[in-house]
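Visitor: I would like a close look at a single part of this protein. Please take me through it step by step.

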Amino acid sequence: MEDYVEYLNRSSTETVEAESLMCYDQFVNALERGKQHLSPRQRIIFEMNKEYGMSISEISEKLSITNQVVRNQLCMALKILRVELRQYYPLLLLFLKDI
């Protein structure tokens with residue numbers, strides 16, 4: 001009986017982990033599809049900020065644009081992605097928590 005209970009615990013944990021990984025993989029794929037709806041500049045700014053962790057000022061310096069332009073482009077990109085990724089809203093909140 002103890003072996004059976006241990007087996008159930010192990011298999012349920014593995015199932016939950018597998019489901020979580022599948023959900024995350026689906027989110028990542030949806031994010032990539034969502035980024036295709038962004039303009040090239042919006043995509044670059046979004047990736048620099050959210051994926052590479054660059055600050056607004058670092059991005060503006062690197063791209064030779066003002067901080068306000070970076071903020072505006074990032075804001076527009078996030079609006080588009082919120083619509084595109086609405087079914088993944090809880091994961092999106094975790095990914096975009098620094099907004």
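Visitor: Which residues have the most contacts inside the largest nonpolar core?

Guide: They are Ile45, Phe46, Val70, Leu74, Leu81 and Leu85, in a core of 17 residues. This is a predicted model, where local features need pLDDT of at least 70, side-chain atom pairs count only at pLDDT 80 or more, and totals for chains, interfaces and linings use all residues. Residues are numbered from 1 along each chain as its sequence is written, and side-chain values use heavy atoms, without hydrogens or water.

A nonpolar core is a set of buried Ala, Val, Leu, Ile, Met, Phe, Trp, Tyr and Cys residues joined through side-chain atoms within 4.5 Å. Buried means under 20% relative accessible area, with a 1.4 Å probe and protein chains only.

Now take helix 2, residues 40-51. Helices are DSSP runs of H or I, at least four residues, numbered from the N terminus. Gly53 follows helix 2, with a positive phi near 70°.

Several residues of helix 2 are buried, among them Ile45, Phe46 and Met48. Lys50 also lies in helix 2. Lys50 is buried too, because its relative accessible area is 14%.

Methods:
Helix = DSSP H or I, 4+ residues; strand = E, 2+ residues; numbered from the N terminus. Expected span 1.5 Å × (residues − 1). Buried < 20%, exposed > 50% of the residue type's maximum accessible area, 1.4 Å probe, protein only.
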